[in-house]
Amino acid sequence: FYWHRAKLLDPLDRSISPKLKRVIKEIRLANSAKTIELPHFEVKYKESLPIDADLAASILEKAYFDIGKDLAYFPKAKTGVFFYSSNDFKNIFKMPAMVRAFYDGNIRMPIPGERLGNEEFSRHIYHEYTHALLSAKTMNNCPVWFSEGIAMWEDFNKSGYNLKDLLVDAETVDGITLGSLDKEFDKDEIGPNRAAYYLLSYTVVAYIIDSWGMAGLQDILKRLADGQHVVNAIDDEFLLSEKEFERRWEAYIRNKYLLKFSTAS
């Protein structure tokens, strides 16, 4: 309704029509969706989709308790989860190829298939539910890069990936600081080094957890919920200036992953 009214008010604004078309597609799909009420989630999907509803439900509820325990937060409100066919996901959202699922107030992802196997499906649920939990816990005050880093930490805990091999690509990125991470994820377009920035965001979270435990991460999130900027939260919680934190983070990455790129130096 509001996008339609916006188009009537400003018919020359070319950015409105694509958004209006997307909303129309979402509404049509939602009207034909089957709804499953779980203890902590509301799941919607086209009844014709070959989805294993029991498997999805078990992964979602396990994620609720696993991630809730890690981040010390169990939201009372249910999280919306929308599953799509690969074609519908691609045609409605027009996301870059690297985006396999996302959270925009609801978790949205394609069902397992050629594009998404069951193991990857489980990892994506953990990743996107982490975003949902962080949004609720911090009152939407968690920076995108930090949220991505925490989500990747939950994701990688299930993947068994060799981070040392993946992080080699990060050596091509120069001058990494907390500020540059924030700037990169504030961009609308996805640059050629975005994957490396995701991995570097992960290393910030890994450094915090390895140095101060999950309690240290939880305390930072509490400060974000109180409205603090993440840099101020780190300063107050760990008694480290931004530059000193970056220096120690750099040393951590170099020692643990044997990388040669330039960060805060």
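Phenylalanine 146 is buried in this predicted model, with a relative accessible area of 0%, where buried stands for under 20% relative accessible area, exposed for over 50%, and partly exposed for values in between (1.4 Å probe, protein chains only). Because the model is predicted, local features need pLDDT of at least 70 and side-chain atom pairs count only at pLDDT 80 or more, whereas totals for chains, interfaces and linings use all residues. Residues are numbered from 1 along each chain as its sequence is written, and side-chain values use heavy atoms, with hydrogens and water left out.

The structure holds 18 aromatic pairs; rings of Phe, Tyr and Trp (its six-membered ring) are paired if their centres lie within 6.5 Å, and planes under 30 degrees apart count as stacked, over 60 as edge-to-face and the rest as tilted. One of these pairs joins phenylalanine 146 to tryptophan 145 in a tilted arrangement, at 5.3 Å centre to centre and with 55° between the planes. Tryptophan 145 is itself buried, at a relative accessible area of 1%. An edge-to-face pair is formed by tyrosine 84 and phenylalanine 93, with 5.1 Å centre to centre and 85° between the planes, and both of these residues are buried. Ring pairs also link Phe41, Tyr64, Phe65, Phe74 and Tyr129 into a cluster.

Across the protein, 46% of the 265 residues count as buried. The protein has 11 helices and five strands, these being DSSP runs numbered from the N terminus, with helices (H or I) of at least four residues and strands (E) of at least two. Among contacts between residues at least 6 apart in sequence, 64% join residues at least 24 apart, a contact being defined by heavy atoms within 4.5 Å. Threonine 79, found in strand β3 (residues 79-84), counts as buried at 10% relative accessibility. Once neighbours within four places in sequence are left aside, threonine 79 is in contact with His40, Phe41, Glu42, Ile107, Tyr129 and Ala132, and Phe41 and Tyr129 also belong to the aromatic cluster.

Burial in helix α4 (residues 86-93) involves Asp88, Phe89, Ile92 and Phe93. These residues cover an arc of only 100° around the axis, which puts them on the same side of α4; the arc is that of the directions from the helix axis to the C-beta atoms. Asn87 and Lys90, on the other side of α4, are exposed. Lysine 94, which follows α4, has a positive phi, near 50°.

In helix α10 (residues 230-238), the buried residues are Val230, Val231, Ala233, Ile234 and Phe238. Seen down the axis of α10, these residues fall within an arc of 160°, so they line one face of the helix. Leucine 239 follows α10 and lies in the loop between α10 and α11; although leucine 239 is not a glycine, its phi is positive, at about 55°. Leucine 239 is exposed, with a relative accessible area of 73%. A positive phi of about 60° is likewise found at asparagine 140, which is not a glycine and which lies in the loop between α5 (118-137) and α6 (144-159). At 62% relative accessibility, asparagine 140 counts as exposed.

Helix α11 (residues 242-257) packs with α8 (residues 178-185), the axes coming within 10 Å and crossing at roughly 90°. Axes are lines fitted to C-alpha atoms, for helices over the stretch in contact, and angles run from 0 to 180 degrees between N-to-C directions. Leu178, Gly179 and Leu181 of α8 make the contact with Glu242, Phe245, Glu246 and Trp249 of α11. The residues of this contact comprise four nonpolar, one polar and two charged, with Ala, Val, Leu, Ile, Met, Phe, Trp, Tyr, Cys and Pro counted as nonpolar, Asp, Glu, Lys and Arg as charged, and the others, Gly among them, as polar.

Helix α9 (residues 194-225) also packs with α11, at an angle of about 95° and with the axes 10 Å apart, and the two helices are therefore roughly perpendicular to each other. Residues making this contact include Leu200, Tyr202 and Trp212 of α9 and Phe245, Trp249 and Tyr257 of α11. The contact of α9 with α11 divides into 12 nonpolar, one polar and three charged residues.

Definitions and conventions
Parallel < 35°, antiparallel > 145°, perpendicular 65-115°, else oblique.
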